[in-house]
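Here are some notes to read beside the structure, written for someone meeting it for the first time. Please keep the sequence and the 3D view open while going through the points.

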Amino acid sequence: MEILLDIARDLTSSLAAEDRYVRFLALIRKVIPYDAACLLRLEGDALVPVAAHGLRTGALLARYPRRDHPRLDIILRSGEPVRFAPDSPMPDPFEGELEADPNALSHIHACFGCALKEGDAVVGALTADALAPRAFDALDLRYLATLGALAGAAMRTTSLIEALERRAAHRGRVARDLQRSAAESSGGQLLGSSEAVRKLREEIALVAASDLTVMVTGETGTGKELVAHHIHDASGRSDEALIHVNCAALPVSIAESELFGHVAGAFTGANRDRAGKFEVADGGTLFLDEIGELPLELQPKLLRALQQGEIQRVGSDRVHRVNVRVIAATNRSLQKEVEQGRFRADLYHRLAVFPLRVPPLRERREDIAMLAAHFVDLTSRRLGLGRVHLSPEARECLVEADWPGNVRELENVVSRAVLRASFGREPRQLVEIGVEHLGMDFPAPHAQAPERTESPVSKARPLRELVESFQRRTIQAAVERNRGNWAAAARDLGLNRGNLHHLARRLGMKPGNSEVGSQ
């Protein structure tokens, strides 16, 4: 009974699979005087050893097809433990593999076995051999059956644990791959050599090593999500999940359930219990994008989760404790939102433990050429193109633009330019992106510029001046062709009217307010 109790305890312990099997064989040796024993798992029509005692290493590396081993086949087909006659003519499956005496099992010896079952299905076998021919005669077959049942339970428990571990490992790999893909799709690397980017990298490294809550601020398209990925990847939670929640995309009716989960019957359509994003991110990082859009009525629950690590599913009185690092992001001024009563001051201060501002592109113009080249390379590889590069004039135009959409807008413009420039070219033909391919605030290729009147001396002027001069003349010609109608001129140039006015003001042309308002 002591042995049976020890085996039962092992079934509920957190032993590794191999340790569980080895310990089982060691325990039953205290009551069964065997010289060799083996636990085998049934895989198709063959038995595969999972643990053995008293057998050579080679025995554990072999497979034992039922058709080649009649003793094993009899064991698997029997509903009860089987004791073979000491002088049975059937060959022993482990003949030549006994550690003590390799040839002993070819002579008269004791042998028994029992099938291991999971319900009515046979999942494996337990075998034992002894050099003394009558070693097993006194054993109670019911006791052996009990041992077989426990061995079957051990194999079932271990198989379930192994399956869960494999599934968890697989999902972990999938999660890491998805995180890498998300990081790559949002720009991947934090590119740039400017002072602003250098300082941002230093702050990321500083806060990543801690577990502080981070508030990432910045204009639309600056790369706030990318910064969140970098913080997570450099933190002690990098092996866990980074869960992304876009607060602006959460309808008020389901926002609480999405963040904190719900129980079955909590509301119409809640057919089963569901974990919220806080529980999914337990042990990892939760990225709350557009946090300024979070409904005011949910903010106290978020504050509680941040302060105490406690959440409650919708419709439940039970409190769940979670260990989550929160990174929030917004392009709003939350201080103004607090002043206007649309955001709780206590929640703001809890989120902004470490504020981190991502600079707009206009504050890091020296990085634009590097970013543009990076996006050219990414797009050309996606399109299967050969060599693609920006012309000096196109690069200068990109550097001088204002980029209200920041890095995201730059990537979109460059991607479209690569597509336009490569249209009709051979797959491996050199592609050069010119100003005419950029679109946006740049002259479209169909815009007719007036004839040049500059003298050859003007060619020695700085490139920027030449580009701006070309832009002024092109815009002026389009406005004159359309009799002063700026909206029509914008259509002629393939530009948005607001972008045309913005470019004209930057070039010092300053269209009159009456023209802007009336056209």
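1. In strand β5, Cys111 is the bridge partner of Phe84; helices (H or I, at least four residues) and strands (E, at least two) are DSSP runs, numbered from the N terminus. The model is a predicted one, in which local features need pLDDT of at least 70 and side-chain atom pairs count only at pLDDT 80 or more, while totals for chains, interfaces and linings use all residues. Residues are numbered from 1 along each chain as its sequence is written, and side-chain values use heavy atoms, with hydrogens and water left out.

2. Strand β4 and strand β5 (residues 110-118) run antiparallel and are joined by three bridges, where two strands are said to pair if DSSP finds at least two bridges between them. They belong to an open sheet of six strands, with antiparallel pairing and the order β3-β2-β1-β6-β5-β4. Because β3 (64-65) and β4 (82-84) stand at the edges with a single partner strand each, one side of each is left without a neighbour in the sheet.

3. Helix α4 (residues 70-77) packs on this sheet and touches β1 (36-43), β2 (46-53), β3, β4, β5 and β6 (121-130), contact meaning heavy atoms within 4.5 Å. The direction of α4 makes about 130 degrees with that of β6, where axes are lines fitted to C-alpha atoms, for helices over the stretch in contact, and angles run from 0 to 180 degrees between N-to-C directions.

4. How many aromatic pairs does a search of the whole structure find? The search finds three, where rings of Phe, Tyr and Trp (its six-membered ring) pair if their centres lie within 6.5 Å, and planes under 30 degrees apart count as stacked, over 60 as edge-to-face and the rest as tilted. One of them joins Tyr64 and Phe94, whose ring centres are 5.2 Å apart and whose planes stand at 65 degrees, so the pair is edge-to-face. Tyr64 is in strand β3 and Phe94 is in the loop between β4 and β5, 30 residues apart, so that distant parts of the chain are linked. Both Tyr64 and Phe94 are buried (under 20% relative accessible area, with exposed over 50% and partly exposed in between; 1.4 Å probe, protein chains only).

5. Phe112 and Phe136 also form an edge-to-face pair, with 5.4 Å from centre to centre and 85 degrees between the planes. Phe112 is in strand β5, whereas Phe136 is in the loop between β6 and α5 (141-185). Phe112 is buried, with a relative accessible area of 1%, and Phe136 is buried as well, at 2%.

6. Thr222, in the loop between β7 (214-217) and α7 (224-233), is buried at a relative accessible area of 6%. Leaving aside neighbours within four places in sequence, Thr222 is in contact with Val358, Pro359, Pro360, Asn406 and Val407. Thr222 and Asn406 are 184 residues apart in sequence, yet their C-alpha atoms are 5.4 Å apart in space.

7. Asn406 lies in helix α15, is buried with a relative accessible area of 0%, and has a phi near 60 degrees, a positive value in a residue other than glycine. Trp403, in the loop between α14 (392-400) and α15 (406-422), has a positive phi of about 50 degrees although Trp403 is not a glycine. Trp403 is buried at 4%.
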